[in-house]
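Please look over the sequence and the model first.

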Amino acid sequence: MTLQGKVALVTGGSRGIGQQVCLRLAAMGAMVGINYVSNEAAAKQTLALIEQTGGKGFFAPFDVADSERAQERIREITDAHESVDILVNNAGITRDGLMARMKDAEWDAVLDTNLKGAYICSKAVMKGMMKKRWGRIINMTSVVGFLGNAGQVNYASAKAGLVGLTKSMARELASRSITVNCVAPGYIVTDMTSNLSAEIREALIKQIPLGTLGQPQDVAAAVAFLASPESGYMTGQTLHVNGGMYMGN
C-alpha cells in the first residue's frame, strides 16, 4: 500500500495513537502534517522519528475546536501542498465524571474537541478533495461510543456522534471519490490507560477475548488501510480494533 505523493493531516498527531498513525502514513510515502495544541516537544519527537526512517512531515499547530484558527491553518497547508488528501480526525480529550455531577463546561469541552473539531477540519479539507476528486477522511471513534461507559457520557456521546457524522459525510462525498470511514479502538496502551490502577487494568483485560490491551500500532494499521487506494470501495464503515471486546455491526 503506497501513499507516495499524498499529503496527510493527523490531528492530535504528536503522541500515542496519533503518533503511530503519523509514522505509518509517512512510511507509506505520505507527507504528514503533525497537528498538536501545546506539546511542541512531543511533536518534534514525532517528526524526528519520521525523518529517521526517511519520511517527510511538517508541524501543524492549532486547536481543532477553534474554527477560525483551524480553517486558517488548513488553508495555509492547502496553499503550500495543493491539498490535504488524507485527514485523520484523531484529536480528543476527556473530562470524565458522573453525569449528575458533570459541569456544562466539561460536556462542551469534550464535544467541541472530539466531535465539532472533526466537523471543522473535515469541512476545511473538503473543497480541495472535491476538486481533485480523491480523498480519505478517517474519524477516530471508540468502543465506548458503541458500548457506553459510566462516567463518560460526554466522551461516549461525542464518539457515537462521529459515527453519524461519518455516514452522512460518506453519502455526501461519495460521488467525488472521497471515502469517509471510522476506526474504533478498544482499550489501547497510551498515556490515558497507563494511569489506570492495576486492578482496573485487570478488570478491563477480563472483558477482552484476546486477553490483552491493544497497541497504538494496531490502530495505525487500520488507519493505513483506510487511507490507502486499496480501501477505495469502502465508505461509511467502522473498523473495530478492540481484541473482540465489542463484536457488533
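## Basis

This is a predicted model, in which local features need pLDDT of at least 70 and side-chain atom pairs count only at pLDDT 80 or more, while totals for chains, interfaces and linings use all residues. Residues are numbered from 1 along each chain as its sequence is written, and side-chain values use heavy atoms, with hydrogens and water left out.

## Strands and crossovers

Helices (H or I, at least four residues) and strands (E, at least two) are DSSP runs, numbered from the N terminus. Two strands pair if DSSP finds at least two bridges between them. Strand 1 (residues 7-10) and strand 2 run parallel and are joined by 4 bridges; Leu 9 has Gly 33 of strand 2 as its bridge partner. Right-handed means that, with the strands pointing away from the viewer, the path from the first strand over the helix to the second runs clockwise.

Strand 2 also pairs with strand 3 (residues 56-61), again in the parallel sense, over 6 bridges. Here Ile 34 stands opposite Phe 59. Together with helix 2 (residues 40-52), strands 2 and 3 make a right-handed β-α-β unit. Of the 6 residues in strand 2 (residues 31-36), 5 are buried (under 20% relative accessible area, 1.4 Å probe, protein chains only).

Helix 4 (residues 104-132) reaches 41 Å from its first C-alpha to its last, close to the 42 Å expected for its 29 residues. The expected span is 1.5 Å times one less than the number of residues. Arg 133, which follows helix 4, has a positive phi, near 60 degrees.

Helix 6 (residues 153-173) has 21 residues and should span 30 Å, which agrees with the 30 Å between its end C-alpha atoms. Its buried residues include Tyr 155, Leu 162 and Met 169. The buried residues of helix 6 pack against helix 4, strand 5, helix 5 (144-147), strand 6 (178-185) and strand 7 (238-241).

## Nonpolar cores

A nonpolar core is a set of buried Ala, Val, Leu, Ile, Met, Phe, Trp, Tyr and Cys residues joined through side-chain atoms within 4.5 Å. The largest has 32 residues, and Val 21, Val 88 and Val 183 are among those with the most contacts inside it. Helix 9 (216-227) is one of the elements that supply at least two residues of this core, and helix 9 gives the most, with 7 residues. Another core, of 26 residues, lies apart from it and includes Phe 58 and Leu 173.

Conventions
Buried < 20%, exposed > 50% of the residue type's maximum accessible area, 1.4 Å probe, protein only. Contact = heavy atoms within 4.5 Å.
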